[in-house]
Amino acid sequence: MVKNAVRQILELQKQVEVVKNQCAITKEAALQELRIQMESEKKEALSACRLEAQVALSRALLEAKSEKEAAVQQAIEQSRQEMEEKINSLVADKVEITKRCANCDREAFSECTGCHHVFYCSAFCQRRDWINHKDHCGENILDADCAELIDSCDDPTS
Ligand SMILES: [Zn+2]
Ligand SMILES: [Zn+2]
């Protein structure tokens, strides 16, 4: 009898233990579930936060881009102007360079006073070239005074 009672008690204790274990497992599972739920909520909150940040970032980037584009446009415009100036000065230089002595091809400092179309580095070269130039002097002048000019275009060095 006593043995039976002890066994029953032991059995009961075992059952209590089992229930306790089950309870612990259930609790653990509930906690786990709660943890998962919280985790997913956290994730959602995080992703929402991230999305917001992305939107803000892309907006900022867009603003920066349009600012940058304006700056780039300005830089392009500026360099275009600089290029134009450079080209103009180069063209001017070339015009300068074309002023070469008709006799010796060195840089010319004076022009034929008869026609203003040929240039000379010196009176010496002008004198030397006059024998060739006198037939062409005034050729390019096509106004009414042409003949008169040609007539008056004697040796300008004499
Ligand atoms: Zn010369
Ligand atoms: Zn001339």
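**A tour from a loop outward**

Start at histidine 116, in the loop between S1 and strand S2 (119–120). Helices (H or I, at least four residues) and strands (E, at least two) are DSSP runs, numbered from the N terminus. The model is predicted: local features need pLDDT of at least 70, side-chain atom pairs count only at pLDDT 80 or more, and totals for chains, interfaces and linings use all residues. Residues are numbered from 1 along each chain as its sequence is written, while chains are lettered from A and ligands numbered from 1 in the order in which they are written.

Stay on histidine 116. Its phi is near 60 degrees, a positive value in a residue other than glycine. Is histidine 116 buried or exposed? Histidine 116 counts as exposed because it has 11 C-beta neighbours inside 10 Å. The cut-offs: buried means 20 or more other C-beta atoms within 10 Å of the residue's own, exposed means 12 or fewer, and partly exposed is in between, with C-beta atoms placed from the backbone.

Next, select aspartate 105. This residue is in the loop between helix H1 (2–98) and strand S1 (110–111). Phi of aspartate 105 is also positive, near 70 degrees, and the residue is not glycine. Aspartate 105 has 10 C-beta neighbours inside 10 Å, so it counts as exposed.

Now select residues 101–137. UniProt lists them as "domain: MYND-type", in an unreviewed entry. UniProt positions follow the numbering used here, feature names are shortened, and annotations may be inferred rather than shown by experiment. The end C-alpha atoms of this span lie 15 Å apart. The span is 30% helix and 11% strand.

Zoom out to the whole protein. Three helices and two strands are there, in the order α-β-β-α-α from the N terminus. Buried residues make up 8% of the 158 residues.

Finally, colour by pLDDT, the predictor's confidence in each residue, from 0 to 100. The average is 80, and 83% of the residues score at least 70. Helix H2 (residues 123–133) has the highest mean, 93, and helix H3 (residues 146–152) the lowest, 47. Over residues 141–151 the pLDDT is below 50.

Notes: Contact = placed C-beta atoms within 7 Å.
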